[in-house]
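Subject: Structure handover

Hello,

My notes on the cavity, a pocket, the salt bridges and the core follow below it.

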Amino acid sequence: MKNNNYDFGLVGLGVMGRNFILNVADNGFKAFGYDLDTEKVDALKKEGGDLEKVDATTDLNTFVQSLARPRKIMLLVPAGKIVDSVIESLLPHLDTDDLIIDGGNSFFTDTDRRETYLQEKGIHFFGAGVSGGAKGARLGPSIMPGGNREAYKEVQPIFEAVSAKYKGEPCVAYLGPKSAGNYVKMVHNGIEYGLMQLTSEIYDILKKAGNLDNDELHQTFASWNKGRLQSFLVEITSEIFEEEDDKGDGRLVDKILDKAKQKGTGKWTSQNAMDLGIPIPSIDIAVSMREISALKDERVQADELYDRPTPEAIDKSELVKIAEEALYFSFIVTYAQGLHQLGDASKEYGYELDIAVIAKIWRAGCIIRAGLLADITEAFQKDKNVPNLLLSPSFVEKVKSTVGSARLLVAYAAKNGIPLPGLSNSLTYFDAYTSSRLPLNLIQAQRDYFGSHTYERLDQEGVFHTEWEK
């Protein structure tokens, strides 16, 4: 039996869990892991080497009793019933003021339910989103914790040590009460869906209209990553085009089936935005495109039934230029939508979110990290109450100078049968959001006509109804 002086406990020693707990040990904290799988426990022990800093067991009682009080136990297990099952197994072994941290992608209402349940038992519960993948978990992720502010102080030194650093600043911060952390991580993933969809569309049009080969695609995205589009997703995209197929000739990207899977966080973001009445069409269509991609057999059949235009000739260098500008424009619009959702959700659920702080901790470590986030952080630091990034004075010129290219690309793609749903939705959102007059007056008239739903007027206060049928 080890002395009960381990600083941090972690349940779930899969790739993410093993990397995270090794990160904790690397930063000077004694960490103890638990998993029912002997092979995973042995893998951690082998990789950890120095058993004074990290150890693991398959025995739950040994695990809990090895931790210093108040115990700080993080769960990195699949979202859903497994989280509840682990909590129930831990409870008989815990003491008042111990802390359980859910580091998975749990739905935010589940986090609220668990916090209420454990609060009644004197146990603190945190939802803490962790972004950065396996590599980020090992070398420094972005961490998004939410829950009891005082309880967070117990784990704050560990989280600040293991998180990614942006110019020396840790990419972690207490975000707010209840499920604030899981909610922010959910929207982070929704934005991630949007950015990935947009990147894939730009790749598609560069290849189909510009006939760029994989080397040219690599060079293009690598070049963009040195400029204002600098981001993790653009960086890895450039590297993907270089990867040789280890099972055949050519590049691997050309052999991968065009069916994208999903784990649900993008869908949750869209569903909740609809509940809140917040428009996020760039994210919505990214979710829908993954669903359309799954219809591979039907798409092949439909492709044979309908003609598609042969793309008109376009200057390759000009295409690359407008594609960069259109991608930058649509990245801004996608971040704007996600951050708008966070702002409204904060009011609805009492999260007290600071958008500048959120953008700040996304600058490194996470999947959507990008140079653009430094500008976003600054914009919300100047005016924390701005409801939408598109209303920030520091972004007006950025958008004005690139929206024209988005229009050109969308028009070219529509004429030539190349689907750009993410970019099209971003442009439509922008045009609608920046229109002082929309045709929804007709919809209100229609609703009143067939359902007596009433309407408001431009020239008079009050609610009106008309007997339309004479």
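What is the volume of the largest cavity? It is about 40 Å³.

Some ground rules first. This is a predicted model, in which local features need pLDDT of at least 70 and side-chain atom pairs count only at pLDDT 80 or more, while totals for chains, interfaces and linings use all residues. Residues are numbered from 1 along each chain as its sequence is written, and side-chain values use heavy atoms, with hydrogens and water left out.

**Cavity**

The search ran on a 1 Å grid over the protein atoms alone: a cavity is a set of points where a 1.4 Å probe fits but cannot get out, and a lining residue has an atom within 4 Å of a point. Volume is the space filled by probe spheres set on the points, with points joined across faces, edges and corners. The count is 1 cavity of 30 Å³ or more. Its lining is Asn105, Ser106, Asn182, Lys185, Met186, Thr265 and Trp268. Helix H8 (180–208) and helix H11 (265–276) are the elements that give two or more residues to that lining. H8 has the largest share, 3 residues. Helices (H or I, at least four residues) and strands (E, at least two) are DSSP runs, numbered from the N terminus. By class, the cavity lining has 2 nonpolar, 4 polar and 1 charged residues. Here Ala, Val, Leu, Ile, Met, Phe, Trp, Tyr, Cys and Pro are nonpolar; Asp, Glu, Lys and Arg are charged; the others, Gly among them, are polar.

**Second largest pocket**

A pocket is an open set with protein on both sides within 12 Å along at least five of seven lines. The second largest pocket has a volume of about 310 Å³. It is lined by 18 residues, and Gly343, Lys347, Leu353, Ile355 and Lys384 lie nearest its centre. Helix H14 (316–349) gives the largest share of this lining, 7 residues. H14 and helix H15 (355–361) each supply at least two. The lining divides into 9 nonpolar, 5 polar and 4 charged residues.

**Salt bridges**

The rule: a side-chain nitrogen of Lys or Arg within 4 Å of a carboxyl oxygen of Asp or Glu. The count is 27.

Asp84 and Arg113 pair at 3.3 Å, N to O. Asp84 is in helix H4 (residues 81–90) and Arg113 in helix H5 (residues 108–119), so the pair ties together parts 29 residues apart in sequence. Both also belong to a salt-bridge network with Asp102, Asp110 and Arg114.

Arg363 and Glu169 pair at 3.5 Å, N to O. Arg363 sits in the loop between H15 and helix H16 (372–382) and Glu169 in strand S9 (residues 169–170), so this pair ties together parts 194 residues apart in sequence. Arg363 is buried at 13% relative accessibility; Glu169 is partly exposed at 33%. Buried means under 20% relative accessible area, exposed over 50%, partly exposed in between (1.4 Å probe, protein chains only).

**Core**

A nonpolar core is a set of buried Ala, Val, Leu, Ile, Met, Phe, Trp, Tyr and Cys residues joined through side-chain atoms within 4.5 Å. The largest has 84 residues, of which Leu206, Trp224, Leu342, Trp362, Ile376 and Leu409 touch the most other members. H14 gives the most to this core, 16 residues. Domain 1 (8–174) and domain 2 (185–434) each contribute at least three residues; the bounds come from an automatic or database domain assignment.

Best wishes
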